[in-house]
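I open these notes to record what I looked up, entry by entry.

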Amino acid sequence: MERYNKKVTNWLYNSKGRPIAFKDGRNVFSRKGKFLGQIEGEDVWNGRYFATIVDGDTILCKLEPPGEPRSAPAPPGAPLTPGLPSDRAGKTLRGGYRDLSL
């Protein structure tokens, strides 16, 4: 059986259920296609901590960012922006996190 290295594009939502960013492989982009950073574990980094992906589809910012700055990845070419999904039910904002302002 052959294996394919497929990129999967998934929308990321804020706690209010609004789609605010999407991931394309390891890269995270704003709704308008601006490169925000790369995923390392659950965190998104772009030279410094940017955000955390919670429950696989919610993107939040830790009130106390982790770690020291890292080398910034080279911005990839902008992918085609996927169709904007509808808002969905919000989630309770976790303690220690805040919504992103994009």
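Entry on the pocket. I looked up the lining of the largest pocket in this predicted model. I found Asn-14, Arg-18, Ile-20, Ser-30, Arg-31, Lys-32, Lys-34, Leu-36, Leu-100, Ser-101 and Leu-102 there. Sorted by class, this lining has 4 nonpolar, 3 polar and 4 charged residues. For the volume of the largest pocket I noted about 260 Å³.

Entry on the cores. I then turned to the largest nonpolar core, which has 15 residues. Those with the most contacts inside this core are Leu-12, Ala-21, Val-28, Val-44, Phe-50, Ile-59 and Leu-100. I noted which elements give two or more residues to it: β2 (19-24), β4 (35-40), β5 (43-45), β6 (49-54) and β7 (58-62). Of these, β6 gives the most, with 4 residues.

Entry on a loop residue. I located Pro-65 in the loop between β7 and β8 (97-99). Is Pro-65 buried or exposed? I count Pro-65 as exposed because its relative accessible area is 54%, and exposed means over 50%. I also checked Pro-65 against Tyr-49: the two are 16 residues apart in sequence, and their C-alpha atoms are 6.3 Å apart in space.

Note on methods
Residues are numbered from 1 along each chain as its sequence is written. This is a predicted model: local features need pLDDT of at least 70, side-chain atom pairs count only at pLDDT 80 or more; totals for chains, interfaces and linings use all residues. Side-chain values use heavy atoms; hydrogens and water are left out. A nonpolar core is a set of buried Ala, Val, Leu, Ile, Met, Phe, Trp, Tyr and Cys residues joined through side-chain atoms within 4.5 Å. Buried means under 20% relative accessible area, exposed over 50%, partly exposed in between (1.4 Å probe, protein chains only). On a 1 Å grid over the protein atoms alone, a cavity is a set of points where a 1.4 Å probe fits but cannot get out, and a pocket is an open set with protein on both sides within 12 Å along at least five of seven lines; lining residues have an atom within 4 Å of a point. Grid points are joined across faces, edges and corners, and a volume is the space filled by probe spheres set on the points. Ala, Val, Leu, Ile, Met, Phe, Trp, Tyr, Cys and Pro count as nonpolar, Asp, Glu, Lys and Arg as charged, and the others, Gly among them, as polar.
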